[in-house]
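I opened this one to get my bearings. These are my notes as I went along.

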Amino acid sequence: MLRRIVNFAMLAAGGTLVAWAARQFSVDPPRAAAAALLGAVGLGLNLTGLTRAELNLRPWLRLFGIGMALVTLAAVGGRWYVLTEYVLPTIPRADIELRATFATAADHLRWIAAALIYACMSVLALPRSSAAAKDRTK
């Protein structure tokens, strides 16, 4: 029961993420699309968690999905760090339009990072397989 409550709460969080991405699509389409797709993956995983009592998903596949998301999260975090610490300070203050563009890109990278974390949490919230399901696979 607790897992389903968590899945339901995560559906609301994923809906917020996808709504933000839809709103930002006209400002920065590639990053908004990335956040929307990650949010849609998380929504699908959480809907699966709500509808299935057990899921015979191999543990290595869970770990692989989480590992890939964490590697991607590290890459996005590194790009955000370079953008905010090295690129933005070198842009002259007089170039307001370029500074705003890079600041928006940095903000959207944070949303992509949040979407990656959401996808990881969605994988973790998937139901486990039961002993009966394990016996059927032998």
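**Ground rules.** I'm looking at a predicted model, where local features need pLDDT of at least 70 and side-chain atom pairs count only at pLDDT 80 or more, while totals for chains, interfaces and linings use all residues. Residues are numbered from 1 along each chain as its sequence is written, and side-chain values use heavy atoms, with hydrogens and water left out.

**Helix H1.** I began with the helix at 2-24; helices here are DSSP runs (H or I, at least four residues), numbered from the N terminus. I checked its length against the expected span, which is 1.5 Å times one less than the number of residues. For the 23 residues of H1 that gives 33 Å, and the end C-alpha atoms are 33 Å apart, so the two agree.

Next I asked which residues of H1 are buried. They are Asn7, Met10, Leu11, Gly14, Leu17, Trp20, Ala21 and Gln24. Buried means under 20% relative accessible area, exposed means over 50%, and partly exposed is in between (1.4 Å probe, protein chains only). The buried residues of H1 pack against H2 and H4.

**The core.** I then looked up the largest nonpolar core, which has 20 residues. Such a core is a set of buried Ala, Val, Leu, Ile, Met, Phe, Trp, Tyr and Cys residues joined through side-chain atoms within 4.5 Å. Ala35, Val76, Leu83, Leu109, Ile112 and Leu116 touch the most other members. H1, H3 (59-87) and H4 (96-124) each supply at least two residues of this core, and H4 gives the most, with 10.

Leaving aside neighbours within four places in sequence, Val76 is in contact (heavy atoms within 4.5 Å) with Leu109, Ile112, Ala113 and Leu116.

**Asn46.** Not counting residues up to four places away in sequence, Asn46 touches Asn7, Met10, Leu11, Tyr118, Ser122 and Ala125.

**Charges.** Side chains of opposite charge can pair when their charged atoms come close. I counted a salt bridge when a side-chain nitrogen of Lys or Arg is within 4 Å of a carboxyl oxygen of Asp or Glu, and the count comes to two.

- Asp28 bridges to Arg31, with the closest N and O atoms 2.9 Å apart; at 9% relative accessibility, Asp28 counts as buried.
- Arg110 meets Asp107 at 2.7 Å, N to O. These two are three residues apart in helix H4, so about one helical turn separates them. Arg110 is partly exposed at 47%, and Asp107 is partly exposed at 28%.

**Rings.** How many aromatic pairs does the structure hold? I found two. Rings of Phe, Tyr and Trp (its six-membered ring) pair if their centres lie within 6.5 Å; planes under 30 degrees apart count as stacked, over 60 as edge-to-face and the rest as tilted.

Trp20 and Trp111 are stacked, because their ring centres are 4.4 Å apart and their planes are at 5°. Trp20 lies in H1 and Trp111 in H4, so the pair ties together parts 91 residues apart in sequence. Trp20 is buried at 7%, while Trp111 is partly exposed at 27%.

Tyr81 and Tyr86 form an edge-to-face pair, 5.9 Å centre to centre with 85° between the planes. Tyr81 is partly exposed, with a relative accessible area of 41%.
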